[in-house]
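Take a look at the model below.

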Amino acid sequence: MTSNRRKFLQQAGLFTFGLGTLIHDPAIAKAAKKAVPPSDKIRIGLIGARSMGFYDLSQALKQPAAECVALCDIDDSVLAEKKKAVLEYQETDPATYKDYRKFLEHPDLDAVVIGTPDHWHCLTMVAACEAGKDVYVEKPMANSIAELDIMVNAARKNNRVVQVGQQQRSGTHWREIMDMIHGGEIGQLRKVNIWGNFEYGIGQPEVPDSAPPEGVDFDMWLGPAPDRTFNKARFHGSWRMFWDYGGGLATDWGVHLIDMALWAGKVDYDPVNAVATGGNFAFPDHAHETFDTMSVSWQLKDYNMTWEHSAGLGTGPYGKNYGLAFIGNDATIFANREGWEVHPEVENGKYKVPAMPPKGGRSYHEEHMKNFLECIKTRKDPNCTVENGRLVALYAHSANIALRTGGMVAWDSAGRQFKNNDAANALVTPGYRKPWKLPRV
Ligand SMILES: NC(=O)c1ccc[n+]([C@@H]2O[C@H](COP(=O)([O-])OP(=O)(O)OC[C@H]3O[C@@H](n4cnc5c(N)ncnc54)[C@H](O)[C@@H]3O)[C@@H](O)[C@H]2O)c1
C-alpha cells in the first residue's frame, strides 16, 4: 500500500474499527480488512451465489471485519465467477463447495448467507443454525407455511442471530413513515393498499426441456422439490414463478411490501383470513404457474390490507408500478423504495395535515447487512427477526393458497391449519422428495 493510501485510511479512521461507517468502495474495504485483528473478524460463507446471495455477501464485505471464507453453489460457473468477484473485496481466496453439508463443516465459519431459491431456505437455514452459525436468510423466509415455524424454532432453540432479507426494516425513510403513522399524524389508519405490477411476474418465454448445463448439479438444485427434467425457463432467476420453488409476485415482492403494511399497524398476530381473486389470464406463451393477475384482501383487527398485481404491466396507482398507500383519516402516504409523499385530506378548504414536499428513499441492503453483523457481535435481535419473516410470509402464502383452493381461507393460528379446508391444508406442508426430510426441530 502506498504511504498516501495508508495516511488516507488512517485519517478516515478505517484502521480503528471492524464495523463502522459504510464503505462503498470495495478497494478501500479490502485495504481496511488488513488492519482488523483475526479475533475481530466475522467469517462468512454463502450458499446460493448467483444473484441476490452474492449481492448480500458483497454488502457484508464492504465492512472491514467481514471476510468470505467459503462459497457454495450447485453451478460450477457461478462458483468460478463469484470466487473471482470476492477478490475485489479481500485478498484471501474463499473455499468452494457444491454441497452445503460439506460447506457447513468448513473450519472457522461464523455466519452464513442464504441466497438459494426459496424451496431450499428451510433445509439450509436449519442445518446452519444446528451447526452453530448465525444466518442471513433471504426472503420469503420459506416456500411453505409449515417450514416457517420450523425455522423460527431452529433459530431460537439454537440461540442464533437470524436476519431475514426484508431490508426495508433497516430503512430510514420507512422508519420516518412508521413514526408518522404510529404518532397519529395521518389520523386513524383505515386501510393499506399494496401493489406490485412487475414485468418479470409473467415468467420467461416457454422453451422445451433439455439437458442441464454442464457443471450444474440439477438434482441438488431440485433438492426437496419433485423430480423433473431440466427446463431453462424454470431455473436460475425464473424458478420463482413455479409453486415447487417459489410463490410468484405475491411472495417474492409481496413480503417486502406487506411487511411495511403490517408494521404500520404493529401487527403481531397471524392472519384471520384471506380472500383472493385472479388467475392466469395473460401471456400464455410464457412459462409460469403462479398467478399473473391477483387481488387479495386480509381482514386485520382495526384496518384493512389489500394486495394487487397485474404482472407484465409497467405502471399502477400514483403512476408507479409498485408501492403502498397508507390511508388515514387525515392523509394518505404513498411510499415505495424510491421515496414517499403525503397527500393530506381537505376539510373546509384547508389541509388536515401540513403539506410537505416529496421525500426520497432507496433500498437498504447495506444497512440491513451491517445490522446483522453488529448483532453477531452484540447477540441482540436484528431489525428483521425470524418472527417478522414468519409472519409476513404466512400472510403472503395464505393469499396464494386461498386463490389456489377456491378464493377464501380462514386460518386457525392455534392449530396451525386452515379451518375446514382440506384442499388448503394439503398445501401447508411440502412433500419433500427423498432422501430429503422436512427438518424436525
Ligand atoms: N431482498 C431482496 O431484495 C431480494 C431480491 C432478489 C432476490 N431475493 C431472494 O434471494 C433468493 C435468491 O434469488 P436469486 O434471484 O438470486 O436466485 P438465482 O436463481 O439467481 O440464484 C440462486 C442461486 O442458488 C443456487 N442454488 C440452488 N440450489 C442450491 C443448493 N442446494 N446449494 C447451493 N446453491 C444452490 C443456484 O445455483 C443459484 O446460483 C431468493 O430467495 C429470492 O427471493 C431477495
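## A helix on the inside

A residue counts as buried when its relative accessible area is under 20%. This is a predicted model. The buried residues are G53, F54, D56, L57, S58, Q59, A60 and L61.

## The largest pocket

The largest pocket holds about 790 Å³ of space. Its lining has 39 residues. Closest to the centre are S51, M52, G115, W239 and R240.

What kinds of residues line the largest pocket? The lining divides into 14 nonpolar, 16 polar and 9 charged residues. Domain 1 (3-168) and domain 2 (171-362 + 386-425) each supply at least three of the lining residues.

## The second largest pocket

About 380 Å³ of space lies in the second largest pocket. It is lined by 22 residues. Nearest its centre lie N143, S144, W243, D244 and P430. Two or more lining residues come from each of α7 (145-157) and α13 (386-404). Of the elements, α13 gives the most, with 4 residues.

The lining of this second pocket divides into 10 nonpolar, 9 polar and 3 charged residues. Where does the second largest pocket lie? Domain 1 and domain 2 both give residues to its lining, so the pocket lies between them.

How values were computed: Residues are numbered from 1 along each chain as its sequence is written. This is a predicted model: local features need pLDDT of at least 70, side-chain atom pairs count only at pLDDT 80 or more; totals for chains, interfaces and linings use all residues. Side-chain values use heavy atoms; hydrogens and water are left out. Buried means under 20% relative accessible area, exposed over 50%, partly exposed in between (1.4 Å probe, protein chains only). On a 1 Å grid over the protein atoms alone, a cavity is a set of points where a 1.4 Å probe fits but cannot get out, and a pocket is an open set with protein on both sides within 12 Å along at least five of seven lines; lining residues have an atom within 4 Å of a point. Grid points are joined across faces, edges and corners, and a volume is the space filled by probe spheres set on the points. Ala, Val, Leu, Ile, Met, Phe, Trp, Tyr, Cys and Pro count as nonpolar, Asp, Glu, Lys and Arg as charged, and the others, Gly among them, as polar. Domain bounds come from an automatic or database domain assignment.
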